[in-house]
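Visitor: I am new to this structure. Please pick a single part and take me through it closely.

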Amino acid sequence: MPSAKSRPFRAFIWDMLTFDRLMTGPIIHLIYWAGMAIIAILGFGVVGGSIGLVIRDVSLVGVALALPVLIMGLILTAAFGMIWRGMCEFYLAIFRIAEDLRALRLAQEATAPPAEAPKAPAGQDW
């Protein structure tokens with residue numbers, strides 16, 4: 001008799017082999033956070049670059065160059081973060097729709113009466 005620990009493992013393996021369970025939901029969260037980390041690193045790079053411009057040229061011209069770089073960089077970083085979030089949410093919504101459709105199909109199959117065998121038309125023997 002299989003132990004209690006091996007049964008969930010077997011069910012997990014069966015779900016993976018038959019695509020009964022979709023893995024995209026948990027994986028998309030990891031992809032989202034990895035993308036956000038890359039966007040944050042780019043944002044820190046923009047801040048560091050603008051500070052480097054000010055340090056390199058302390059005059060008014062250096063500050064006048066660094067300030068727009070900093071502002072535009074932060075705006076673009078925020079915009080990239082929102083676009084990335086939207087893309088990941090769209091991808092996740094598509095797979096949630098697929099899961100909901102599967103649940104509806106299973107519920108319909110559970111409540112539907114058993115199908116009758118097709119009858120031969122009158123006068124024909126099969």
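Guide: Here is a close look at one helix, starting with its setting. Keep in mind that the model is predicted. The protein has three helices and zero strands. From the N terminus on, the order is α-α-α. The protein has 126 residues, and 12% of them count as buried. Its accessible surface comes to about 10,400 Å². Carbon and sulfur atoms hold 74% of that surface.

Now to helix α3. It covers residues 60-111, which makes 52 residues. From first C-alpha to last, α3 reaches 76 Å. That is close to the 76 Å expected at 1.5 Å a residue.

Next, the buried side of the story. The buried residues of α3 are Gly62, Ala66, Gly73, Thr77, Gly81, Cys88 and Leu92. What covers them includes helix α2, residues 24-56.

Take Thr77, which lies in α3. Its relative accessible area is 19%. The cut-off for buried is under 20%, so Thr77 counts as buried. What does Thr77 touch, leaving aside its neighbours within four places in sequence? Thr77 is in contact with Ile39 and Gly43. Contacts across the sequence matter for the whole protein's tally too: among contacts with a separation of 6 or more, 60% join residues 24 or more positions apart.

Now the surface. A nonpolar patch of about 780 Å² is found there. Leu67, Ile71, Met72, Ile75, Leu76, Phe80, Ile83 and Met87 make this patch. One of them, Ile83, has its place in helix α3.

Last, the rings. A pair of aromatic rings is described by the distance of the centres and the angle of the planes. The count comes to two aromatic pairs. One of them joins Tyr32 and Trp33, with centres 5.1 Å apart and 70° between the planes. That pair is edge-to-face. Tyr32 is buried, at 12% relative accessible area, whereas Trp33 is exposed, at 58%.

Definitions and conventions: Residues are numbered from 1 along each chain as its sequence is written. This is a predicted model: local features need pLDDT of at least 70, side-chain atom pairs count only at pLDDT 80 or more; totals for chains, interfaces and linings use all residues. Side-chain values use heavy atoms; hydrogens and water are left out. Helices (H or I, at least four residues) and strands (E, at least two) are DSSP runs, numbered from the N terminus. The expected span of a helix is 1.5 Å times one less than its number of residues. Buried means under 20% relative accessible area, exposed over 50%, partly exposed in between (1.4 Å probe, protein chains only). Contact means heavy atoms within 4.5 Å. Patches are made of residues with over 30% relative accessible area and no salt bridge: like charges are joined within 9 Å, nonpolar side chains (Val, Leu, Ile, Met, Phe, Trp, Tyr) within 5 Å. Accessible areas come from the Shrake-Rupley method with a 1.4 Å probe; for residues, only the protein chains shown count as cover. A salt bridge is a side-chain nitrogen of Lys or Arg within 4 Å of a carboxyl oxygen of Asp or Glu. Rings of Phe, Tyr and Trp (its six-membered ring) pair if their centres lie within 6.5 Å; planes under 30 degrees apart count as stacked, over 60 as edge-to-face and the rest as tilted.
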